[in-house]
Amino acid sequence: MKSILLTTAVSLALLGCSTDAVRSSDDLPLCVSGSLRYLERIAMPPDTRVITELQAFTPEGFGMIASTEETFAGRQIPIPFALEAASVIDPPAVFELRAGLELDGRLIRVSEPVTVFPASVPVEVGELLLKSFDVRDHGTPMACGGAEVIVDTLGEHLMMQVGSEEFALRQVPAASGVRYESSGDSGTALFTKGDLAEVTVRGETLPECTINRAPADSSIRATGNEPPWIAAVEGDQLTLITEYGARTQTAPVLNAHRGASVTRYRAAGDELVVSLNIRTGVCNDSMTGMPHPYSAALASPQGILHGCAGQPGDLLAGHTWEVISLDGEAPLSGSSMTLQFFPEEGTVAGSSSCNRFHAPYTLTGERLELSHIAGSMMLCSEEIMAQEQEFKRVLSGIEGFDIEADGMLELRGSEGQLLARPTTPDE
């Protein structure tokens, strides 16, 4: 999806929007107002700058349509803001608002992007919470040879992380493309044109970078409860199922952006305008407790719905799990209990202490079950053989699993519980 500057911006940071009656989709310019706050009980330096930005995502591309940048000047939170697009944006479109604080050229606090759904003038978004800035939260990863680079922008400001170093850049004039430079070192810069970028750090240019704007996997399924909903992305189409399956709506995906920790799908059509945000991190279904690899938030004119996304089986696959606790007891010295899940075959295999084992497994929306555990027939010491029998007994009663905050796998059921840690190939 190409990035374009859709129109110029009008700065109305300290003024209010006009308060006309309900608007139609043809009545833009769009005016958005609200306020900014943060939780820390500290006063910001007077030269801290408040930045707000409104972007539009359309079938033609995306870009900033309004922005403000004002000095904090000793004001107290909450800080009110209002900004207005300077010209009409034809539907379909998805509008997104973001705000932050900048000090000495660095972004120090930012808000989550908020999807704006025009219905009246002005659009009031309430208070936006500003959190400590981390380029990995919403930044765009780039492949620059072997170097890891992540960038995030707000207004004309850009933060760039190269390896473990972070640089503050600001947009400067460029004959073509977009260029950002460090104010204290023009040899540290980022130049982008389309999906290609050139990164220079202290005069040393990295290998040509590719901007990973879109998700590698263009399909995802998210679900939630109370009320129940399903959102599925397949290629360039988003489908939303609500009202207990009685209502199905579809819309083209206008923009899909893969950040370092959040993937966003913006979709808009004649009957549906939504933003689906998928965040990396274990999410437990609110009804069944089943863990999923992602949390999901679906924003629409009716509000925000929360749920989980991705396949639970993906949390099990790709690791060799080493058992560190069997019913609260550490494994015997010299023994090894491991599990490795193979989703395509529907089997799990590993070491059961003395012997190798394998078994079919079934993973549904509510349960994980193993059956017909089989293995080799070697003999070991009496203690290790007893541990092996206990391991198989616990596995035979498994009913569910969870991934704990420290990455440990918990398998639990009617016959007991075990904990296992993910191991790397070198271990």
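Modeller: A disulfide is a pair of cysteine sulfur atoms within 2.5 Å. This is a predicted model, and the structure holds 3 disulfides.

Colleague: How do you know that Cys144 and Cys209 form a disulfide?

Modeller: Their sulfur atoms are 2.0 Å apart. The cut-off is 2.5 Å, so the pair counts. Cys144 sits in strand 11 and Cys209 in strand 19, 65 residues apart.

Colleague: What makes the disulfide of Cys144 and Cys209 right-handed?

Modeller: The torsion about the S-S bond is about 115°, so the link is right-handed. By contrast, Cys283 and Cys308 have -65° about their S-S bond, a left-handed link.

Colleague: Why is Cys354 called buried?

Modeller: Its relative accessible area is 12%. Buried means under 20%, so Cys354 qualifies. Cys354 is joined by a disulfide to Cys380, S to S 1.9 Å.

Colleague: Is Cys380 buried or partly exposed?

Modeller: Cys380 has a relative accessible area of 34%. That lies between the 20% and 50% limits, so Cys380 is partly exposed.

Colleague: What makes strand 7 and strand 10 a pair?

Modeller: They share 2 bridges in the antiparallel sense. At least two are required, so they pair. Arg109 has Ser132 in strand 10 as its bridge partner.

Key:
Residues are numbered from 1 along each chain as its sequence is written. This is a predicted model: local features need pLDDT of at least 70, side-chain atom pairs count only at pLDDT 80 or more; totals for chains, interfaces and linings use all residues. Side-chain values use heavy atoms; hydrogens and water are left out. Helices (H or I, at least four residues) and strands (E, at least two) are DSSP runs, numbered from the N terminus. Buried means under 20% relative accessible area, exposed over 50%, partly exposed in between (1.4 Å probe, protein chains only).
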